[in-house]
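Here is a short briefing for a first look at this structure. Begin with the view below, then read the points by topic.

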Amino acid sequence: MADKDDIKDGKTFYEDVPAKNKPFFLRGSGALDWGMQNRLSRIFNPKTGRTVMLAFDHGYFQGPTTGIERLDINIAPLIPYADVLMCTRGALRTSIPPTITKPIVLRASAGQSILTELSNELVAVGIEDAIRLDAAALAAQVYIGAEYEHKSIGNVIKLIDMGAKYGIPTLAVTGIGADMSRDQRYFGLATRICAEIGAHYVKSYYFEPGFEKVVAGCPVPIVIAGGKKLPEIEALDMAYRAIDQGAAGVDMGRNIFQSDCPTGMIQAVGAVVHGGEKPDQAIKIYKDAKAAA
């Protein structure tokens with residue numbers, strides 16, 4: 001408690017200076033509560049409005065994936081260059097040092113494997129555990145058009161409602177089956193549904209033509225999935241095109257940790273996303289890091 005002695009009345013109120021109420025920088029997030037906006041500000045860089053998420057949650061349905069067989073060895077060198085880590089609670093507790101200060105987007109769906117129907121998921125993390133882990137956001141798949149579409153939408157709605165009580169945003173991840181068309185019609189439908197049910201941002205795939213129309217039709221930010229491993233220059237080109245057409249960042253896994261120089265690749269991706277570097281310039285960052293390794 002402040003000492004009661006020598007209390008002085010306030011006298012400098014800057015009456016001629018209007019009160020500042022700066023609009024929140026992130027699309028579709030202006031009406032959210034302070035805690036929700038604060039967590040989104042940790043995920044998305046307020047200076048650029050973008051993010052580089054490092055995804056290494058693949059093991060929750062496909063086991064020890066090439067490039068992340070040893071999370072403690074493969075992921076640790078990449079952490080300084082990521083804005084966000086996207087992982088499961090098991091990976092976080094066993095393999096990520098608690099001294100790191102990067103925000104965590106927590107994979108909160110599970111219940112299947114690559115040997116079964118991928119869309120048959122359930123909510124796999126309780127809100128109390130998410131709070132214990134200081135999650136900046138919760139993430140789950142939405143499988144539009146798949147066998148268990150209804151169940152997957154219900155999972156995301158459950159996360160949105162749970163997270164809203166405690167100011168934790170939800171990322172809806174658009175899952176897509178091998179037989180589905182990766183086109184404007186599909187992703188326009190999937191991303192808009194995710195936003196309409198209340199997801200605070202959406203992970204989707206980049207495609208051509210029409211990606212910019214999908215971004216325009218989605219009232220919350222879209223980050224793109226890295227997808228399958230591509231040659232480094234192609235992955236950087238994909239990231240550049242997506243950002244140029246309105247994406248708010250990337251959530252890359254295999255195109256980083258399966259690179260022959262992961263630390264160089266994640267820095268090159270960061271240069272594209274936050275620095276606006278073109279692929280032929282960003283690739284030099286990757287090549288220099290590879291040569292120095």
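Helices (H or I, at least four residues) and strands (E, at least two) are DSSP runs, numbered from the N terminus. This is a predicted model, in which local features need pLDDT of at least 70, side-chain atom pairs count only at pLDDT 80 or more, and totals for chains, interfaces and linings use all residues. Residues are numbered from 1 along each chain as its sequence is written, and side-chain values use heavy atoms, with hydrogens and water left out.

**Overall build**

- The chain holds 12 helices and 10 strands.
- Its radius of gyration is 20 Å, close to the 19 Å that the globule rule gives for 293 residues, so the chain is as compact as a globular protein of that length. The radius is taken over C-alpha atoms, and the rule is 2.2 Å times the number of residues to the power 0.38.
- The C-alpha trace spans about 70 × 50 × 40 Å along its principal axes.
- Contact means heavy atoms within 4.5 Å. Among contacts between residues at least 6 apart in sequence, 66% join residues at least 24 apart.

**Inside**

- Of the 293 residues, 49% count as buried. Buried means under 20% relative accessible area, exposed over 50%, and partly exposed in between (1.4 Å probe, protein chains only).
- A nonpolar core is a set of buried Ala, Val, Leu, Ile, Met, Phe, Trp, Tyr and Cys residues joined through side-chain atoms within 4.5 Å.
- The largest such core has 74 residues. Leu54, Phe56, Ile75, Leu138 and Phe211 have the most contacts inside it.
- A second, separate core has 18 residues, including Leu26, Leu40, Ile43 and Ala136.
- Isoleucine 75 is in contact with Leu54, Phe56, Ile68, Arg70 and Ile96, leaving aside its neighbours within four places in sequence.

**Backbone exceptions**

- Most residues other than glycine have a negative phi, and most peptide bonds are trans.
- Tyrosine 14 is not a glycine, yet has a positive phi of about 45°. Tyrosine 14 sits in the segment before helix H1 (34-43). With 56% relative accessibility, tyrosine 14 counts as exposed.
- Aspartate 134 also has a positive phi, about 60°, although it is not a glycine. Its place is the loop between helix H5 (127-132) and strand S6 (137-142). At 45% relative accessibility, aspartate 134 counts as partly exposed.
- Glutamate 208 and proline 209 are joined by a cis peptide bond, with omega about -5°. Proline 209 lies in the loop between strand S8 (201-204) and helix H8 (211-217).
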